[in-house]
Amino acid sequence: MPLGLILGIGRAFRRKRTSSLDILSSKRAPRDYYKGKNCKPTGFHTRKGGYVVMQEKLPNYVVPDLTDFKLKPYVSQFPTEVKTTEAAESAK
């Protein structure tokens, strides 16, 4: 009987994974822990509960001028196969 108890305790210790301990979520952490969504803040909070947005922290997208551009933004889900002679010649 005592041997079975010792074996049961040994199995319980073996089942614990060390990798599960380093995964920290808001449910396994202290009450004030906030994990977030892995995005950078664009400003800061004021003492009175407001939020100030800083222009230097906002993302700046540089888009080139696409007038007279040959390609269209749409890509078909069912592309047609086009056989060209250039591809066959370069493979040889």
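This text walks through a predicted model, from its overall layout to single residues. Local features need pLDDT of at least 70 and side-chain atom pairs count only at pLDDT 80 or more, while totals for chains, interfaces and linings use all residues. Residues are numbered from 1 along each chain as its sequence is written, and side-chain values use heavy atoms, without hydrogens and water.

Start with the layout. The chain has two helices and two strands. Their order along the sequence is α-β-β-α. Helices (H or I, at least four residues) and strands (E, at least two) are DSSP runs, numbered from the N terminus.

Next comes confidence. pLDDT is the predictor's confidence in each residue, from 0 to 100. The chain averages 78, and 76% of the residues score at least 70. Among the elements, strand 2 (residues 51-53) has the highest mean pLDDT, 95. Helix 2 (residues 85-91) has the lowest, 64. Where pLDDT is low, the predicted coordinates should not be read in detail.

Now the surface. Of the 92 residues, 2% count as buried. Buried means under 20% relative accessible area, exposed over 50%, and partly exposed in between (1.4 Å probe, protein chains only). The chain exposes about 10500 Å². Carbon and sulfur atoms supply 59% of that area.

Two places deserve a look. V53 sits in strand 2. V53 counts as partly exposed because its relative accessibility is 46%. D68 lies in the loop between strand 2 and helix 2. At 81% relative accessibility, D68 counts as exposed. The phi of D68 is positive, near 60°, and D68 is not a glycine. Most residues other than glycine have a negative phi.

Definitions and conventions: Accessible areas come from the Shrake-Rupley method with a 1.4 Å probe; for residues, only the protein chains shown count as cover.
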